[in-house]
Each structure stands twice: as C-alpha cells, then as structure tokens.
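The sequence and the structure are shown first.

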Amino acid sequence: MNADVQIVISEGPLPSADATPATGAGAWVVFEGVVRPEESGRVLTALVYEAYEPMTTRELKHLAGRVAADFGLMAICVEHSVGRVAVGEVSFRLSVASAHRAEALAAVAEFIDAMKRTVPLWKNAEFASG
Amino acid sequence: MTVTVLLFGPQATLAGVRELAVRVDDEPATADAVLAALRDAEPRLGPSLAASRLAVNHAFVAPDQTIAPTDEVALIGMVSGG
C-alpha cells in the first residue's frame with residue numbers, strides 16, 4: 001500500500017491545522033513544533049528558518065516515503081516554515097495516519113530524529129535586544 | 001580548479017559569508033578534496049566539517065564523487081529543522 005505523502009514548505013508561521021485523517025485510519029497523530037521563548041539561556045523573539053530548495057523538499061519527500069514504508073503508514077504530511085516565525089508560533093507540523101496508534105507514534109519519533117540529522121533546514125535565532 | 005561552495009545557517013554565520021570559493025588542486029576534484037580545501041580556507045568551519053556533507057546539484061554525494069566545473073556545490077551541516 002502506497003502512503004499519501006505531502007510536503008509543504010511555506011513562508012512564515014504555519015496556519016492552523018486543517019488536514020483530516022485518511023479514510024480508514026484508526027490513528028491520526030499530529031505533532032507541532034512551536035518556537036520556544038529561550039535558546040541557550042537567552043530570550044528569543046523569533047527563529048528565522050532557511051531551506052535549500054529544491055533539495056529540502058526532495059529530502060523531506062524521500063524521508064517521508066521511507067518512514068511511511070517502514071511503519072506501514074496510510075498518510076504522512078510534513079509542513080515546515082521558512083523565514084521568520086515568532087515565539088509561540090508553529091514552525092513545523094507532522095501529521096501521520098495509520099491503522100493503529102503504535103506505528104503512528106513510532107513513525108513520528110523516527111521522522112523527527114532523522115529530519116534533525118539530515119534534512120537541509122536551518123534555524124537562525126533572533127534574540128531580544130538589551 | 002576553483003569550486004564555489006554555498007553555505008547556510010550556522011556555517012554561513014561562522015564563515016561570515018554565504019559562499020566560499022576554494023582552490024582544489026586535485027584533478028578531477030572530489031567531494032573529499034573540496035571539504036579539505038574548505039577546512040584550509042576557513043578554519044572556523046573546521047570543527048563542523050566532520051559532521052557535514054557536500055551536496056552537488058541538490059543531492060548528497062559520496063566522498064569520491066567528482067565535481068564538474070558547472071556543478072552547484074553546497075555544504076550541508078549543522079542542520080536544525082523541526
């Protein structure tokens with residue numbers, strides 16, 4: 001079964017989630033990464049994300065396809081910001097659908113771990129002045 | 001051969017530039033040789049290079065991949081997505 005794989009790279013903070021579970025899914029797990037208020041003990045105002053397109057999208061698609069196959073997912077959707085995202089706003093969303101919860105939860109952990117090691121995406125911290 | 005390497009994120013910040021032109025004497029130039037040339041040209045990148053990889057034309061390459069004069073070369077390291 002081929003999973004539905006979607007990759008969306010968009011400017012600024014992500015809009016509210018509006019995707020719905022794939023038909024027949026028993027588990028729909030949505031993880032959102034939110035910009036924290038501090039980094040390395042300093043007060044953060046925002047993160048500014050960089051991508052290297054089209055390689056970023058290609059690598060995310062490859063990783064999503066691999067994780068979907070390894071965990072038998074029905075669908076996987078990756079959304080990531082580029083540009084400025086203020087503290088408290090969402091910069092990353094991973095949504096996965098599967099028949100049962102175990103594989104969905106495991107897939108989310110695997111995808112994020114791998115993404116943080118290999119995918120060409122960078123965050124630059126914007127600190128509060130003073 | 002001179003190879004221009006694109007830099008991103010913390011590595012661009014460390015080097016103070018978004019791209020670095022390095023001289024590679026090996027013929028043909030390989031990805032490994034380009035990394036070595038980067039280390040020599042910009043010592044501030046040194047500690048991060050061991051965990052970095054080169055991308056050629058938007059794809060990761062093996063250390064022995066040869067680099068053509070028209071290739072787009074990028075240093076992919078210290079990634080921090082998510």
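## Strand pairing in chain A

Two strands pair if DSSP finds at least two bridges between them. The model described here is predicted. On this criterion, strand β4 of chain A (residues 42–51) pairs with β3(A), which spans residues 38–39, in the antiparallel sense over two bridges. In this pairing E39(A) stands opposite R42(A).

Seven bridges join β4(A) to strand β7 of chain A (residues 121–127), and the two run antiparallel; here L44(A) stands opposite F127(A). With strand β5 of chain A (residues 75–86), β4(A) pairs over four bridges, also in the antiparallel sense. Y49(A) and G83(A) stand opposite each other in that pairing. Strands of a sheet pair through backbone hydrogen bonds, either parallel or antiparallel.

## The sheet of chain B

Chain B holds an open sheet of five strands in the order β2-β1-β5-β3-β4, with mixed pairing. Its edges are β2 (19–23) and β4 (59–60) of chain B, each of which pairs on one side only.

Within this sheet, β3(B), residues 53–56, and β5(B), residues 73–76, pair in the antiparallel sense over four bridges. R53(B) has I76(B) as its bridge partner in β5(B).

## A buried serine in chain A

S98(A) lies in strand β6 of chain A, which covers residues 90–98. Is S98(A) buried or exposed? S98(A) counts as buried because its relative accessibility is 0%, and the limit for that class is under 20%.

A polar atom of the S98(A) side chain lies 2.7 Å from the backbone oxygen of H100(A). Apart from its neighbours within four places in sequence, S98(A) is in contact with A25(A), G26(A), A27(A), L73(A), M74(A), E103(A) and A104(A).

## The interface between the chains

Where chain A meets chain B, 22 residues of chain A are in contact with 21 residues of chain B. The area buried between the two chains is about 1600 Å², and carbon and sulfur atoms give 57% of it. Y52(A), M55(A) and W122(A) supply 41% of the area that chain A buries against chain B, more than any other three residues.

Polar terms are also present. Eleven residue pairs are in polar contact between chain A and chain B, and one salt bridge is found across the interface. That salt bridge joins the side chains of E50(A) and R18(B), at 2.2 Å from N to O. On the side of chain A that touches chain B, at least two residues each come from β4, α1 (55–71), β6, α2 (101–118) and β7 of chain A.

## Confidence

The model scores ipTM 0.93 and pTM 0.93. Chain B has a mean pLDDT of 94, and 100% of its residues reach 70 or more.

Among the elements of chain B, the highest mean pLDDT, 97, belongs to β5(B). The lowest, 92, belongs to helix α3 of chain B (residues 46–49).

Note on methods:
Residues are numbered from 1 along each chain as its sequence is written. Chains are lettered from A and ligands numbered from 1 in the order in which they are written. This is a predicted model: local features need pLDDT of at least 70, side-chain atom pairs count only at pLDDT 80 or more; totals for chains, interfaces and linings use all residues. Side-chain values use heavy atoms; hydrogens and water are left out. pLDDT is the predictor's confidence in each residue, from 0 to 100. Buried means under 20% relative accessible area, exposed over 50%, partly exposed in between (1.4 Å probe, protein chains only). A polar contact is a pair of N or O atoms within 3.5 Å; within protein, one must be able to donate a hydrogen and the other to accept it, and residues adjacent in sequence count only if both atoms are side-chain atoms. Contact means heavy atoms within 4.5 Å. Buried area is the accessible area (1.4 Å probe) that two parts lose on being put together, summed over both. A salt bridge is a side-chain nitrogen of Lys or Arg within 4 Å of a carboxyl oxygen of Asp or Glu.
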